[in-house]
Amino acid sequence: MISKTMERRVLLGLAHKGAKLLGWDEDFRREMQQRITGHASCRDMSDAELKRWCWHLKALGADIGIPGPPLRGGRRMDRPTPWQLGEIERLALAFGWEGLDDRRLLGFVRHTAHVDDVRFLTRRQASAVIVGLGRWLCQREGAA
């Protein structure tokens, strides 16, 4: 078990390392921190804010190992964003389908992403479904 001060030091280091791994300079990191957490300096953040900031960096692609379990109450980082799910539903409706539970959409998802339901998609698979549906819709509208 590590002490609170040691964990905070680790999180401070990870916050800086994560920003560096994302290719951010000091000014851009501070600007992003201010925008996301309301604090330009990591030292001004509470422990919970600092941990959330580190998880945010990890979600953006920084390969950092954050001590302790992931924060609870949220969606896993690899799950589709609400925008992606909304876009899939919008495209399904453009085809005249009945939404995310329509058997035709589920067939397309099975064919494209090799999963049985929209709720099992990862972000990458959701992107592939969106691109596929968009291309298909463009081809269909172009032929009409």
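The secondary structure consists of six helices and zero strands, where helices (H or I, at least four residues) and strands (E, at least two) are DSSP runs numbered from the N terminus. Along the sequence the pattern reads α-α-α-α-α-α. This is a predicted model, in which local features need pLDDT of at least 70 and side-chain atom pairs count only at pLDDT 80 or more, while totals for chains, interfaces and linings use all residues. Residues are numbered from 1 along each chain as its sequence is written, and side-chain values use heavy atoms, without hydrogens and water.

The chain has a radius of gyration of 20 Å, whereas a compact globule of 144 residues would have one near 15 Å. The radius is taken over C-alpha atoms, and the globule rule is 2.2 Å times the number of residues to the power 0.38. Along the principal axes, the C-alpha atoms fill a box of roughly 60 × 35 × 20 Å.

Of the 144 residues, 36% are buried. Buried means under 20% relative accessible area, exposed over 50%, and partly exposed in between (1.4 Å probe, protein chains only).

| Residue | Relative accessible area | Class |
|---|---|---|
| Cys42 | 3% | buried |
| Cys138 | 54% | exposed |

A disulfide is a pair of cysteine sulfur atoms within 2.5 Å. By this rule there are zero disulfides. Cys42 is in no disulfide, and the nearest cysteine sulfur, that of Cys54, is 7.2 Å away.

Among contacts with a separation of 6 or more, 53% join residues 24 or more positions apart; contact means heavy atoms within 4.5 Å.
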